[in-house]
Amino acid sequence: MKTGKSVLPPTAEPSRKSIFQDRNFVLFLIGQCITTQGLWVQKIAMSWLAWSLTGSAFWTGLIAALNFAPAFILGPVFGVMADRVNLRKTAVTLNLMMAATAFLLMMLSMAGQINLFWMVVLAGANGVLASAMTPIRLSLVPVIVQREFMSRAVAYAAMNFNISRLVGPAIGGVVIATWGTGAAFMINAASYIPMIFVLATVKIHVERAPDAKSKRVLAALVDGAHYALHHPMIRSVLALSCFVALVGTGMVELMPVFAEAVYDRGVTGLGMLASASGVGAVASTFMLSRVRSDPAAFQRVTIIGAFAAGCGMLGLGFAPWYELAVVLVAITGFGLTAVGVGSQTALQLTVDNKLRGRVMSFWSATSFGGIALGGTMLGAISEAGHIQYTARGSGILILCAAVFGFWRLYRIATNSSKPATETAK
């Protein structure tokens, strides 16, 4: 009897074995890699310049915060717009505008005209542009890859970002020490060119809600907020990521103070600390790329990441040696990335595509807003006392949040098993 081979219809076969066979995603990844390298070079230059101009932990934290604060206020509005606008044209326009601000920073720095006023203005401008770009960027990944590859696409995009976080600060430290901050800003301005080319050529498949443009901005925003607040998974993930950003990532923004005031290592030491954080982040995103594509699994990873970040931050508050601090910053970077990428992926796998821009803008608002507020608040606290005491307090608070998260998951698991147990009796 002929058993025969079952012939699967073309639609039943997987479209590709690896996400890296997707030309769209590979191009997007390469463009993002180049751009984020420039962003980290500029970030290290802005932090060092703020510390050099003022010698103040408060102003260093405030300058860093201005790069994120607009996301807290304007992010949800930009999220509504992300659900309405042409993603390609908007992304190209925003990249051109960010390149222009980097070019202006370069000109002012090379002319010796950079001062605290210009730092505040341009950091704020960068923050507004970044808050507009974030929901656009987060909406781009899901529309250039298939859903089955969603978690890997988010993880690899985050890994790309964090490899840049590893390499960029080290490059920035060398560039600043050798040619000055103007050269660092020039590198960032040039790094936008490849991404603009990629955005102009990559194929984007966009789906929009039928009523995406029929509602007013406020009504659309309320719809997104109602959806996020009444969805248990989304609500929990947003709350944890916001809290960890507030007391954890906000603390990392004060690395120039650790490098100079605590360990007396200068800009080279700052680059090493930032790169150590990047090493931990890359390891974290590699781990996340192996997690199965399930929102609950990524929620658990987020809580584990909070525990790791809390341990690293608490240890940093006691570390007497620079070499030990480098290791602890790497552990902290591992945990913070697990929280950030894990929460982002959990949301991407959960949210209704019609509301994606709005919900992801809430994530960026709570995450980046937490960084902005936390960097300013922790900088002010550190100004009044020793920064290592502040790190200890941050570590304890994050550990408390992680313990609460574990307890809540245990309670949910217990409650969900009760009906089955009662039925078996």
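Predicted model: local features only at pLDDT ≥ 70, side-chain atom pairs only at ≥ 80, totals over all residues.
Residues are numbered from 1 along each chain as its sequence is written, and side-chain values use heavy atoms, with hydrogens and water left out.

The protein contains 15 helices and zero strands, where helices (H or I, at least four residues) and strands (E, at least two) are DSSP runs numbered from the N terminus. Of its 425 residues, 55% count as buried, a term that stands for under 20% relative accessible area, with exposed meaning over 50% and partly exposed in between (1.4 Å probe, protein chains only).

Asn 95 has its place in helix H4 (residues 87–110) and is buried, with a relative accessible area of 3%. When residues up to four places away in sequence are not counted, Asn 95 touches Thr 35, Met 133, Tyr 192, Met 195, Ile 196 and Leu 199, contact being defined as heavy atoms within 4.5 Å.

By the same definition of contact, Ser 47, Trp 48 and Trp 51 in H1 meet Pro 256, Val 257 and Glu 260 in H10. The residues of this contact divide into four nonpolar, one polar and one charged, with Ala, Val, Leu, Ile, Met, Phe, Trp, Tyr, Cys and Pro counted as nonpolar, Asp, Glu, Lys and Arg as charged, and the others, Gly among them, as polar.
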